[in-house]
Amino acid sequence: MYPGLDISEYGLREASSNYNSRKPNNDLSSNQKHFLVQIGAFSTESNAQRLKLQVSQIGFNVIVRPIETNGRRFHAVRVIGFSSKKSADKAGKSIKKKLGIDYRVLYRPKG
């Protein structure tokens, strides 16, 4: 939204604008970052992308993944990259405090 804004002094990390185009990082799998925070699931992808943008602007690594529940397709908005339930819960609490969004911590091992 503000490409010239220097966020380094605030301790935030830049969020990738297109997560899916990034090359796989072998370090992530070796660190076993299997916990994530789900902050929403929407029937329309545009609503999911809107929430993704909001949360990525406060410094979190957010993805949108298609999921199916009870025969219906949804777009899950997830904050990824946590190696423990405690760190994922801390991020969820931060998001809830800043944006008022409820969350759920999930364990999703790869493979």
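A residue counts as buried when its relative accessible area is under 20%. In this predicted model, H34 comes in at 13% relative accessibility, so H34 is buried. The residue sits in the loop that links α1 (26-31) to β1. Setting aside neighbours within four places in sequence, H34 makes contact with F82, L106, Y107, R108, P109 and K110.

Two of those partners turn up again elsewhere, starting with F82. Not counting residues up to four places away, F82 touches Q32, K33, H34, F35, L36 and V37, and also S87, A88 and A91. F82 also belongs to the largest nonpolar core, a set of 17 residues, where I39, V55, F60, V77, V79, F82 and I95 touch the most other members. Two or more residues of this core come from each of β1 (35-42), α2 (45-56), β2 (62-69), β3 (72-82) and α3 (85-99).

As for the strands, β2 and β3 run antiparallel and are joined by eight bridges, with V62 standing opposite V79 of β3.

A search of the whole structure gives one aromatic pair. Its rings, those of F35 and Y107, have centres 5.0 Å apart and planes at 50 degrees, so the pair is tilted. Because F35 lies in strand β1 and Y107 in strand β4 (residues 104-107), the pair ties together parts that are 72 residues apart in sequence. F35 counts as buried at 18% relative accessibility, whereas Y107 is partly exposed, with a relative accessible area of 45%.

Note on methods
Residues are numbered from 1 along each chain as its sequence is written. This is a predicted model: local features need pLDDT of at least 70, side-chain atom pairs count only at pLDDT 80 or more; totals for chains, interfaces and linings use all residues. Side-chain values use heavy atoms; hydrogens and water are left out. A nonpolar core is a set of buried Ala, Val, Leu, Ile, Met, Phe, Trp, Tyr and Cys residues joined through side-chain atoms within 4.5 Å. Buried means under 20% relative accessible area, exposed over 50%, partly exposed in between (1.4 Å probe, protein chains only). Helices (H or I, at least four residues) and strands (E, at least two) are DSSP runs, numbered from the N terminus. Contact means heavy atoms within 4.5 Å. Two strands pair if DSSP finds at least two bridges between them. Rings of Phe, Tyr and Trp (its six-membered ring) pair if their centres lie within 6.5 Å; planes under 30 degrees apart count as stacked, over 60 as edge-to-face and the rest as tilted.
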